[in-house]
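Reader: I would like to learn how to read a model like this one, feature by feature. Could we go through it together, with the general idea and then the case at hand?

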Amino acid sequence: MSIPTTNKQAVDIGKANKRKYMLEKVSSRIFLICALLSVITLLLIIGFVFYKGAHPFVVEGYSFIDFILGDDWVPSEDKFGIFPMIVASIFATIGALIIGVPIGLFTAIFLAEIASKRIAKIISPAIQLLAGIPSVLYGVFGLAIIVPFLQNSLGLVKGQSLLAVILVLAIMMLPTIVTVAETAIRAVPQTYREGSYALGVSQIGTIFKVIVPAAKSGIMTAIVLGLGRAIGETMAVILVAGNSLIVPTSLTDSVRPLTTNIALEMGYAFGTHQEMLFATGIVLFSFILILNFVLAKISSKGGN
Amino acid sequence: MRYLKDNLLRGLLWLSAFLSVAVLVMIVGFIFYKGFNLISFDFIFGDYSPTGGGGIWPMIVTTIYTVLISLVIATPIGILAAVYLQEYAKQGRLVRLIRFATESLTGIPSIIYGLFGAVFFVTTLKLGMSILAASLTLTIIVLPVIIRTTEEALKTVPRSYREGSLALGTTKLQTLYKVILPSSMPGILSGIILSVGRIVGESAAIFLTAGTVAAMPESILSSARTLTVHSYLVTQESGDIELAAAVGIVLIVIILAINLIATFISKKFNKATNK
């Protein structure tokens, strides 16, 4: 831009600058609106789901306690109790954690600390890739392989069971746990290992007493992410759960977790029935919040 | 005693790794072994036939529609939101609120998104069970992914680039689209590609918002089924594991291709910045 020599030119430049400032202002507002959209959608989601789900209890006079602790779910008879589903969801999640977390964590340690570079270079990306496989396919595998296997080896009438759900969810969370935990373990500085070796600690001792504690927060993230995938899983679980509405008393019982209840009945539900499915969603949502909270507590406690 | 314990733990490490790899190899092997016989040109490009023997082209088209529509909406919003958070916002309560919302959105299970989509897009906005309703729901699901990866990409642009550009007398906006966005493009791109994977793999939310009609969608307002929903339905309704596995092969190949492209882009990106 040249130095203005006449009045008219000066005015033109002033106008151009004004336009530029306007543009700056407008665009920064647009950026802000885009960023606020995520807040708005979150509010909308919570608002809609809670409005729908709370309606039967607040307006129609259903008891929330009966809803949570009731054993019977018979929408046609106006009976809405989700206790069996809550128990199924809790058992399925805890079971999957018990199997999936140690195996996933040990695999991550193996890949980061024990395996030769060549082997780790092949296996790690392959496992990472498996984290991206659609979860439905885990369900198809579960129904075709795990369910008949349980049926035959345990002599069950029906292989679709709590145990099948636990196994499918444990397998499904493996890639996530392995990938995230491996990254965390690899991020532990080399000096930690050297220091530990210099004190005469064996490789295995170093891994479990020095490296794993040092990578703890990353490992916790891995577990939370794996858990998130397991607890919200729906379609794969429908295929292997059996969907019976009973409180499970053994691993071989057929179950219906919270997520499957929503997906199975949402297609034809209306009125109070539909609202009760939203209420099921609220319970699932609270369940996830509580679990994340507990896990965060556990990890911060371990830190002290 | 110590050696015994060490060896025991070492053995457990090997065993776990072996188990993980074996199970995962088994799943992929199973899908390919079961479904391979069905894969043919006609299967992929043929029209669906309810009596069996048809192709899955309508489901592929539906999947492509959902990917395109969700990305067309989510990409600009996600990038601009990330730009705001990284380049414009003053750190404070508002930014914390936005970050909290984005993180919370990541943690919501997809069945809840499905519920929301079913009541908001399908019923309240009267879109009906349709590709559009499903795509809008998916937009919300991938938005946090795009925001986060774009933010990471923006962080890698050196401060000196911004200073150099501003020192030349450019405005903030000019610096943004002439300097910052081009140099963070590869990172943004791999975020978008990862979102494609998320959309292709999603099932529960789509099941509740797009419905299950097995036919070529006439418009984006038609109900239709994606590949994942098709795979689920043929397993659940007819127990046709072979067909479900064949659809699975197509899905795995898509995911594989997506990952290869993302890796390729980020490798290229790393080379360019390390120079």
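Author: Gladly, and let us begin with a single residue and its neighbours. In this predicted model, A:Val168 touches A:Tyr138, A:Gly139, A:Gly142 and A:Ile146, and also A:Ala236 and A:Val240, leaving aside residues up to four places away in sequence.

Reader: Thanks! Now the annotations: what does UniProt list as "transmembrane region" in chain A?

Author: Take such a record as a label, then look at what the model shows over the span. The unreviewed entry lists residues 30-51, 82-115, 127-150, 162-185 and 276-295 of chain A. Over residues 82-115 of chain A, the model is 94% helix and 0% strand, with the end C-alpha atoms 46 Å apart. For residues 127-150 of chain A, the figures are 83% helix and 0% strand, and the end C-alpha atoms are 26 Å apart.

Reader: And which residues does the annotation "domain: ABC transmembrane type-1" cover?

Author: According to the unreviewed UniProt entry, that annotation covers residues 86-295 of chain A. In the model this span is 79% helix and 0% strand, and its end C-alpha atoms lie 19 Å apart.

Reader: Let us turn to the other chain. How many helices and strands are there in chain B?

Author: Chain B has 11 helices and 0 strands, so its order from the N terminus is α-α-α-α-α-α-α-α-α-α-α. Along the principal axes, its C-alpha atoms fill a box of roughly 70 × 70 × 35 Å. Of the 275 residues of chain B, 46% count as buried.

Reader: Last one: how many residues of chain B are in contact with chain A?

Author: The size of an interface is often given as the accessible area lost when the parts come together. Here we can count residues instead: 67 of chain B are in contact with 70 of chain A. Helix 1 of chain B, residues 2-35, gives the most to chain B's side, with 16 residues. By class, that side has 48 nonpolar, 16 polar and 3 charged residues.

Technical notes:
Residues numbered from 1 in each chain as written. Chains lettered and ligands numbered in written order. Predicted model: local features only at pLDDT ≥ 70, side-chain atom pairs only at ≥ 80, totals over all residues. Contact = placed C-beta atoms within 7 Å. UniProt positions renumbered as here; feature names shortened; annotations may be inferred. Helix = DSSP H or I, 4+ residues; strand = E, 2+ residues; numbered from the N terminus. Nonpolar A, V, L, I, M, F, W, Y, C, P; charged D, E, K, R; others polar. Buried ≥ 20, exposed ≤ 12 C-beta atoms within 10 Å, placed from the backbone.
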